[in-house]
Amino acid sequence: MTKVEGGGSLGGALKQTILQPLTGGVRWTNEQLLGSDLADLFSEMYGGDNYDANNLIINNQSVTNEKYTRMATVNAGLEIDIIKDLTFRTSGSYMWQQVRQDYWDNGNTKSAATNQSSYGYGYRNNSEKFSWQVTNTLNYGFKIADAHNFNVLVGQEHGIRSQ
C-alpha cells in the first residue's frame, strides 16, 4: 500500500480521503465512523499503520479557527491660498488595525492525539498595527504673456508604519 501525503489544506485532506481506500474492505457502522478517529480504526486493520488518515467530520466539529479584524481609517486635508497664485496644501491620514485569531482543538482530532492533549489545546494571536502619513505642498503658478503657464511645486511627505 502507498501512503499519500495530503498537506495541510482541505484539498490535501480530501486527496488523502479519495486516493486511499477508506476501509480496505472492512465495514464500520456510522457510529464508529462519526464517533472515532479514522486513524484508530485503521490501526486495527492489517497494514493499517501505513495510512495517514483524518476523519474530516470529526476535524470539522472539533476545531474552531476564527479570525477577527477591526480597522479604523481617518483622512483629512486643508488648502489655503496664501497670496495670488501661491497655494499651500496639507493632508494627513491615519490607519489602525487589530487582528485576533482564536484556534481551539477540543482534543478529539488526530493532531490533539499527536500532541498528547486529551483535554484539547488552543491559542490566541493578537496583532496590532498603525500607520500615519502627512503631505505638505506649496504651489506657485504664474503666466508669462498670457501664452505660457508655469507651476513650481515644492513638497514634503512623511509617514510612519508600525507593526
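## Salt bridges and strands in a predicted model

By the rule that a salt bridge is a side-chain nitrogen of Lys or Arg within 4 Å of a carboxyl oxygen of Asp or Glu, the count here comes to three salt bridges. Before we visit them, a word on the ground rules. This is a predicted model, in which local features need pLDDT of at least 70, side-chain atom pairs count only at pLDDT 80 or more, and totals for chains, interfaces and linings use all residues. Residues are numbered from 1 along each chain as its sequence is written, and side-chain values use heavy atoms, with hydrogens and water left out.

Let's start with the overall layout. The protein has five helices and four strands, and from the N terminus on its elements run α-α-α-α-β-β-α-β-β. Helices (H or I, at least four residues) and strands (E, at least two) are DSSP runs, numbered from the N terminus. Of the 163 residues, 23% count as buried; buried means under 20% relative accessible area, exposed over 50%, and partly exposed in between (1.4 Å probe, protein chains only). The accessible surface of the protein comes to about 11900 Å², with 52% of that belonging to carbon and sulfur atoms. Accessible areas come from the Shrake-Rupley method with a 1.4 Å probe, and for residues only the protein chains shown count as cover. Taking a contact to mean heavy atoms within 4.5 Å, residues 24 or more positions apart account for 51% of the contacts with a separation of 6 or more.

Now follow the strands. Strand E1 (residues 63–83) and strand E2 (residues 86–105) pair in the antiparallel sense over 20 bridges; two strands pair if DSSP finds at least two bridges between them. Along this pairing, asparagine 65 has tyrosine 103 in E2 as its bridge partner. The hairpin of E1 and E2 has two residues between the strands, and there aspartate 85 takes a positive phi near 75 degrees. On to the next pairing: E2 and strand E3 (residues 121–144) are also antiparallel, over 20 bridges. Here glutamine 98 stands opposite glutamate 128 in E3.

Leaving aside residues up to four places away in sequence, asparagine 139 touches Asp85, Leu86, Thr87, Asn151, Val152 and Leu153.

Glutamate 79 forms one with arginine 89, and their closest N and O atoms are 2.8 Å apart. Because glutamate 79 lies in strand E1 and arginine 89 in strand E2, this pair ties together parts that are ten residues apart in sequence. Both partners are partly exposed: glutamate 79 has 47% relative accessibility, and arginine 89 has 36%.

What does aspartate 102 meet in a salt bridge? One partner is arginine 100, at 2.8 Å from N to O. Arginine 100 counts as partly exposed at 28% relative accessibility, whereas aspartate 102 is buried, with a relative accessible area of 13%. The side chain of aspartate 102 also meets that of arginine 124 in a salt bridge, at 2.6 Å from N to O. Aspartate 102 lies in strand E2 and arginine 124 in strand E3, so this pair ties together parts that are 22 residues apart in sequence. Through shared partners, the salt bridges join Arg100, Asp102 and Arg124 into one network.
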